[in-house]
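Please have the sequence and coordinates at hand.

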Amino acid sequence: MADEALFQFLHNEVIQYIYKSAEHGEMENGRCISKLENMGFRVGHGLIERFTKDTVRFKDELDVMKFICKDFWTSVFKKQIDNLRTNHQGIYVLQDNKFRLLTQLSAGKQYLEHAPKYLAFTCGLVRGGLSNLGVKSIVTAEVSVMPACKFQVMIQKI
Amino acid sequence: MAVCIAVIAKENYPLYIRSVPTQNELKFHYTVHTSLDVVEEKISAAGKALADQRELYLGLLYPTEDYKVYGYVTNSKVKFVIVVDSSNTSLRDNEIRSMFRKLHNSFTDVMCNPFYNPGDTIQSKAFDGMVSGMMVQVS
């Protein structure tokens, strides 16, 4: 079905637009990445409200992370997270071996320097979703070989 | 038919309170505020009572001499409180549940509205309309 392609094209265009309309200083500042991440945050916030409308209440943090890895990822990217690791002290690493938004970019190391732009929105998405479920966090992403990527979630204990 | 409906944010401030205008609104605000304690108790106690820990609907929070107060918590810790008249005994549990369901659906729509910033009071006319449909009609 062409459904996935719609979001991917829109996402790519959003990134292009943000970078094209950036002022001179902004590109080096990383303000574009922040803009993308904040967009993702608001979207994640709203999406989680919709997805958890009918689910039961979550028991604890791990339950929330599992929900993100399975149901949330499936609804947005039509697949689950391949690997979830934690050190049980507030750091979770979500590994996706074939991240949908990167598959069309390259199948190896080509264009690696552009990959962070394409991950910013998703980082925001995860952060927004977690924040709406009551979990304050910082989400970063790293790519070594496309299309696999890792999202690191650091839970902030207030 | 409710006498007062309130939506309370995760940080326990009201996002939306609407009550039947003929009566003293302050009394309803107070009732909703005190019901928050009961909601907190139910959420934290749910850890031990395995039977209903997973439900979003909290049921009857506490009855006063004139009113009955019902509660519902979403996964994002937003609380809905409905106050109904005690004299109206024909309202069954299912009806209250369906009222909460409608509230939750409308609330989700408000959340997804790009012009709504999470944390603001709810100004949506659609939400207002839906709530009016659930309140006691007074002319």
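Asp82(A) is partly exposed, at a relative accessible area of 41% (buried means under 20%, exposed over 50% and partly exposed in between, with a 1.4 Å probe and protein chains only). The side chain of Asp82(A) meets that of Lys79(A) in a salt bridge, 3.2 Å from N to O; the term stands for a side-chain nitrogen of Lys or Arg within 4 Å of a carboxyl oxygen of Asp or Glu. Lys79(A) itself counts as buried, at 16% relative accessibility.

This is a predicted model, in which local features need pLDDT of at least 70, side-chain atom pairs count only at pLDDT 80 or more, and totals for chains, interfaces and linings use all residues. Side-chain values use heavy atoms, without hydrogens and water, residues are numbered from 1 along each chain as its sequence is written, and chains are lettered from A and ligands numbered from 1 in the order in which they are written.

Lys79(A) also forms a salt bridge with Asp96(A), where the closest N and O atoms are 2.4 Å apart. Lys79(A) sits in the loop between helix H4 (61–77) and strand E1 (83–86) of chain A, and Asp96(A) in strand E2 (residues 91–96), so the pair ties together parts 17 residues apart in sequence. Helices (H or I, at least four residues) and strands (E, at least two) are DSSP runs numbered from the N terminus. Asp96(A) is buried, with a relative accessible area of 0%.

In chain B, Arg18(B) and Asp128(B) form a salt bridge with their closest N and O atoms 3.6 Å apart. Arg18(B) belongs to strand E2 (residues 14–19) and Asp128(B) to helix H3 (residues 125–134), distant parts of the chain, 110 residues apart. Over all chains, a search of the whole structure finds 7 salt bridges.
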